[in-house]
Amino acid sequence: MFRRQLPNLVSILRFVLTPPAVWALIANDDNLALWLCLFAGSTDFLDGFLARRLGVVSRAGAILDPLADKFMLDALYLAAWLWRGVGAGAIVVARDLLIVGGSLLIHAKTGRRDFPPTASGKLSTVIQIGWLVAYLAHSPGLQWMTWILIAVTLISGLDYARAGWRMLREPPRPFESSGV
C-alpha cells in the first residue's frame, strides 16, 4: 500500500514545502528559500521517476503532480513579483492563469477532463525551477536566464493555447460520472 502511494506522497511534499519557501523569499532569506526550492523542485522529478519505476502511475498522481507544480511555482513567482518587483513573475503567473482558465472553459464546453502536458510545458517547468534557483543563488547569468525564462514561458503558453483551441473544436464528450 505504501509503495503505491509513495509518488503521490512526494507530490504532497511539494505542497508542504511551498509555504516555507514563499515565507523565506518574502523574508529575504534567500539561502533558506534556495534550499527549500532545490528540495521542492527535486520532488517534481522524483515523483514521476518513482511512479514509472514502481509501476504505480495513477489518476490521482496525474492530477497531484501538475497541481503541485502550479502551486509551488505560482506561489513563488507571485511572491517574487509582488514583494520583490520581479516582472518575470507576472508572466509566469499570467500564463498559468490562462492555462487553468482555458482548461475550465474546455471542460465546460466539451466535458473533457484530461489535459496532457506539452513538451514545451514540461521544458517551461524545468526552466522556471532553474530560474528560481539561479535567482535565489544570485547567479551572475541571471539576466540572460530571465530572457530564456520569458521566451520559454510565452512559447509554452502559445503551445497550450493552440492545443486548447484544437480541443475546443473537437466534438463534445458526454460528462463522465465522478463516482461521488
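Leaving aside neighbours within four places in sequence, Arg95 is in contact with Lys70, Gly121, Ser124, Gln128, Thr153, Ser156, Gly157 and Tyr160, where contact means heavy atoms within 4.5 Å. This is a predicted model, in which local features need pLDDT of at least 70 and side-chain atom pairs count only at pLDDT 80 or more, while totals for chains, interfaces and linings use all residues. Residues are numbered from 1 along each chain as its sequence is written, and side-chain values use heavy atoms, with hydrogens and water left out.

**Arg95 and its setting**

- Arg95 is placed in helix H4, residues 87-110; helices are DSSP runs of H or I with at least four residues, numbered from the N terminus.
- With a relative accessibility of 6%, Arg95 counts as buried, on a scale where buried means under 20% relative accessible area, exposed over 50% and partly exposed in between, for a 1.4 Å probe and protein chains only.

**Packing of H5 with H6**

- Helix H5 (residues 119-136) packs with helix H6 (residues 142-169) at an angle of about 155 degrees, and their axes are 9 Å apart; the axes are lines fitted to C-alpha atoms over the stretch in contact, and angles run from 0 to 180 degrees between N-to-C directions.
- H5 and H6 are therefore roughly antiparallel to each other, a label for angles over 145 degrees.
- H5 passes H6 in a left-handed crossing, which is one where the near helix is turned anticlockwise from the far one by less than a right angle.
- The H5 side of this contact includes Gly121, Ser124, Gln128, Trp131 and Tyr135, and the H6 side includes Thr153, Ser156 and Tyr160.
- The residues of the contact of H5 with H6 divide into 12 nonpolar, eight polar and one charged, with Ala, Val, Leu, Ile, Met, Phe, Trp, Tyr, Cys and Pro counted as nonpolar, Asp, Glu, Lys and Arg as charged, and the others, Gly among them, as polar.

**Packing of H2 with H5**

- H2 and H5 pack at an angle of about 160 degrees, with axes 9 Å apart, and that makes H2 roughly antiparallel to H5.
- The crossing of H2 and H5 is left-handed.
- In this contact, Asp30, Ala33, Leu34, Cys37, Leu38, Gly41, Asp44 and Phe45 of H2 meet Thr125, Val126, Ile129, Val133 and Leu136 of H5, a set that divides into nine nonpolar, two polar and two charged residues.

**Aromatic pairs**

- The structure holds three aromatic pairs, a pair being rings of Phe, Tyr and Trp (its six-membered ring) whose centres lie within 6.5 Å.
- Trp131 and Tyr135 form a stacked pair, 5.0 Å centre to centre and with 10 degrees between the planes; stacked refers to planes under 30 degrees apart.
- Both Trp131 and Tyr135 lie in helix H5, four residues apart, about one turn of the helix.
- Trp131 is buried at a relative accessible area of 2%, and Tyr135 is likewise buried, at 15%.
- Ring pairs link Tyr77, Trp131 and Tyr135 into a cluster.

**Positive phi in loops**

- Most residues other than glycine have a negative phi.
- Asn28, although it is not a glycine, has a positive phi of about 60 degrees; Asn28 is found in the loop between helix H1 (2-26) and helix H2 (30-54) and is exposed, with a relative accessible area of 56%.
- His138, also a residue other than glycine, has a positive phi near 55 degrees; His138 lies in the loop between H5 and H6 and is exposed, with a relative accessible area of 56%.

Key: Helix = DSSP H or I, 4+ residues; strand = E, 2+ residues; numbered from the N terminus. Parallel < 35°, antiparallel > 145°, perpendicular 65-115°, else oblique. Phe/Tyr/Trp six-rings, centres within 6.5 Å; stacked < 30°, edge-to-face > 60°.
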